[in-house]
Amino acid sequence: MMLAQFNLGEVGLTHYLMLAALLFVCGLVTILTKRNAIGILIGVELVLNAANVNLVAFNRFSHGAAAGGVLLSGQVFAVFVIVLAAAEAAVALAIFLNFYNNFSTIDVERASNLKG
Amino acid sequence: MSSEAVLFYAFGGLAAASAVVVVASRNIVRMAVALLFALGGVAGLYFLLAAEFLAAVQLVIYAGGTLILIVFGVMLTSKSPFTRLQPRPIEVGIALGIGTLLLAVLVSGILLADCAGAFASEPLPADQGYPMQTLGQALLGDFLLPFELVSVLLLVVMIGAAYLAKARRRPE
Amino acid sequence: MQSVLASLADGSRTVFQRFIFGDSPQPLSPWLELAYSLAIIAVPITGLVALIGMIAIWGERKVAGHIQSRPGPNRVGPFGLFQSIADGIKLILKEDLIPRQADRPLFRMAPYLAFAPVFAAFVALPFGPEMTFEPRLNAGVFFILAVLSVEVMGVILAGWASNNKWSVYGAMREACQMVSYEIPLGLSIIVAVMAAGTLNMVQLGLLQGGGLHTWLIFRNPFTFLAFILFFVASLASNKRAPFDLPESESELVAGFHTEYSGMRFAFFFFAEYAAMFVVGAVAAALFLGAWHDPFGLLGYYHQRFTAQGALGGLVAVNLIGAAIFTAKASLIVFVQMWLRWTLPRPRIDQVLYACVKVLLPMACVVMLGAAVWQLFVAEPVGIPWAPAPVGYEPFSLAGYRAAGWTASLVAQIILSAVGVGLFLAVCGWVMYAALHARRVRPRLFEPSPIADKRQEIAGA
């Protein structure tokens with residue numbers, strides 16, 4: 001995966017990794033800039049998707065079976081990540097609903113009660 | 001340029017453009033729709049990477065479950081349809097700076113990494129693809145413990161989320 | 001087996017692609033090959049969806065009419081067959097209204113988001129053993145389930161973007177209902193997949209070819225129950241029949257598509273009827289023997305022609321199989337329409353109660369029962385005429401006994417008898433009602449009253 005081997009025509013591991021990096025950075029900037037709590041949650045979902053793309057791309061392009069590992073460990077990892085992301089989104093939304101019921105706004109700037 | 005490359009750029013472009021729209025949009029519902037397209041693009045990429053079951057799982061759970069949940073949350077917590085919460089410009093500037101820096105570091109790391117020994121850049125030969133039985137046997141064989149732990153975790157999450165979101169009477 | 005899209009790169013092709021490009025080892029320019037593949041898949045599916053929409057709308061109105069003892073459309077063409085064309089022309093000519101406060105991009109996008117997933121689901125449907133748009137889809141059944149759950153988002157967006165309280169109510173109810181009913185739907189599909197051992201639609205079809213008793217609905221009593229569960233859950237998943245609260249005409253004007261008129265409304269309509277057909281097709285493929293006739297003739301001849309390589313015979317088998325498959329799916333669509341005009345509509349809390357407290361426990365029990373059954377009763381494995389079990393002749397019952405699958409065979413025969421008996425009983429009941437409704441028949445088949453009146457006036 002040296003710089004010299006990267007070309008636009010033939011899709012390799014590098015392409016998927018760069019796309020995943022772009023998705024990760026977009027998700028991170030979303031988390032950092034949004035004031036709506038659900039916007040932050042959307043950013044977290046983007047970050048998790050980027051990680052999943054990484055996992056599945058490595059699973060496809062590595063000869064894990066030849067090295068004695070499990071053939072599909074990347075995909076199984078990704079399945080677990082998706083399931084855990086769904087669970088985390090459910091709990092996060094329950095917390096946001098409670099926050100909205102108490103503060104009548106979904107703005108995270110208002111969550112400053114514990115500020116010293 | 002092979003057809004796999006064309007499809008990669010199509011799905012990858014869709015996912016990347018939708019991610020940029022998520023960052024740039026100020027309306028929360030449009031962010032959710034852009035996230036839908038990003039998830040769809042990633043599902044297309046999974047199809048390209050010979051992970052058909054995972055692509056279907058992504059569509060069912062992410063696009064047809066988590067995203068619906070997010071849109072429900074948006075509808076239940078918005079006072080007017082087009083509320084806009086603007087961050088301060090200095091925060092946006094710092095965030096974009098951090099983002100660009102991180103992207104540069106990641107891309108240069110990917111391009112300059114030299115691990116030709118551990119990972120090959122050729123995909124597995126086509127006839128050594130991934131039949132569905134292998135995934136099922138892996139889930140119930142090598143990965144049985146995480147599988148059971150995740151099911152217990154999901155039960156806990158269901159009970160916890162239902163309890164947290166229960167409508168409570170406000171103190172008068 | 002290879003991934004669907006990744007194998008476009010290394011030159012292996014489906015039947016349709018081979019039809020265009022032949023077996024030339026060197027693929028044409030990838031752009032051209034991609035474009036041709038998309039065209040050869042997209043154009044027939046578009047035609048199919050449009051045809052199904054038109055015929056289903058005509059059928060719905062005719063069925064509704066006859067159940068309510070009135071004729072239904074009978075002016076435009078014989079038996080009102082061109083009514084759908086007239087409706088289509090009317091819808092195209094309507095004014096394109098977008099409410100001023102509506103979110104315009106989302107309002108425009110919603111019909112396509114509701115329609116595209118159903119369109120995509122046609123790719124995996126097995127119309128015939130070689131007549132599937134994409135036969136190598138190893139997760140075929142799950143793929144259809146996946147794209148049908150993306151449709152929920154289109155409906156929610158339609159309700160939200162209309163900027164109309166009633167549309168939002170319809171959309172929220174619909175999302176709750178569709179998402180909740182995906183669970184019993186998935187569980188009942190799992191029961192059938194457990195009995196079959198594969199998620200591939202074409203293989204599911206191939207292994208039901210030995211006659212009526214090899215159909216998956218008759219495989220064990222739990223798949224029989226799973227079919228009923230699947231049917232009820234699919235009714236709710238399509239926002240159809242007694243579960244049509246999202247578009248309840250008497251309560252919410254038109255629910256989530258209140259503000260849509262003209263061709264945008266037509267898209268939602270097409271999506272609904274195409275989804276009905278897809279769900280009926282999945283039920284036919286999973287439970288009712290896909291493209292096979294009840295006597296196993298098609299399977300037998302397909303096996304013979306494949307062994308001999310007779311191309312004409314294979315084409316005939318495929319065409320007849322496609323006709324039988326469409327007929328089975330249409331039968332299920334007809335039953336869905338029949339139920340719509342018969343049953344009253346429960347409230348949304350009753351709908352969700354039915355899902356979570358009735359259908360879900362039933363689905364879990366059925367799944368557990370099917371798993372236990374498969375543990376203790378030896379069942380035939382795999383596709384009957386794949387080279388696997390030796391001495392297994394699928395078209396002879398002695399072959400079953402020789403391979404030690406007697407208990408399973410007895411269960412299958414008993415269940416087929418029960419199933420055929422129920423089917424014949426229902427058909428007999430319907431025919432009895434049709435033949436003995438004396439006062440209804442003249443009303444159903446009388447000519448249009450205006451023509452009589454005109455003759456009367458002209459004659460006077």
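**Exercise 1.** Determine whether Met178(C) is buried or exposed, and describe its surroundings.

*Solution.* Step 1: a residue is buried if 20 or more other C-beta atoms, placed from the backbone, lie within 10 Å of its own, exposed if 12 or fewer, and partly exposed in between. Step 2: Met178(C) has 24 C-beta neighbours inside 10 Å and therefore counts as buried. Step 3: Met178(C) is located in helix H6 (residues 165-196) of chain C, where helices are DSSP runs of H or I with at least four residues and strands are runs of E with at least two, numbered from the N terminus. Step 4: leaving aside residues up to four places away in sequence, Met178(C) touches Val152(C), Ser237(C) and Lys239(C); a contact requires C-beta atoms, placed from the backbone, within 7 Å.

The model is predicted: local features need pLDDT of at least 70 and side-chain atom pairs count only at pLDDT 80 or more, whereas totals for chains, interfaces and linings use all residues. Residues are numbered from 1 along each chain as its sequence is written, and chains are lettered from A and ligands numbered from 1 in the order in which they are written.

**Exercise 2.** State which residues touch the most other members of the largest nonpolar core, and locate this core.

*Solution.* Step 1: a nonpolar core is a set of buried Ala, Val, Leu, Ile, Met, Phe, Trp, Tyr and Cys residues joined through C-beta atoms within 7 Å. Step 2: the largest one has 201 residues, and Ala32(B), Leu67(B), Val278(C) and Ala283(C) touch the most other members. Step 3: helix H9 (residues 263-286) of chain C supplies the largest share, 18 residues. Step 4: domain 1 (1-112) and domain 2 (130-172) of chain B both contribute residues, so the core lies between them; the domain bounds come from an automatic or database domain assignment. Step 5: the centres of these two domains, taken over C-alpha atoms, are 24 Å apart.

**Exercise 3.** Characterise the side of chain B that touches chain A.

*Solution.* Step 1: 76 residues of chain B are in contact with 67 residues of chain A. Step 2: H4(B) gives the most to this side of chain B, with 13 residues. Step 3: by class, this side has 62 nonpolar, ten polar and four charged residues. Here Ala, Val, Leu, Ile, Met, Phe, Trp, Tyr, Cys and Pro count as nonpolar, Asp, Glu, Lys and Arg as charged, and the others, Gly among them, as polar.

How values were computed
Contact = placed C-beta atoms within 7 Å.
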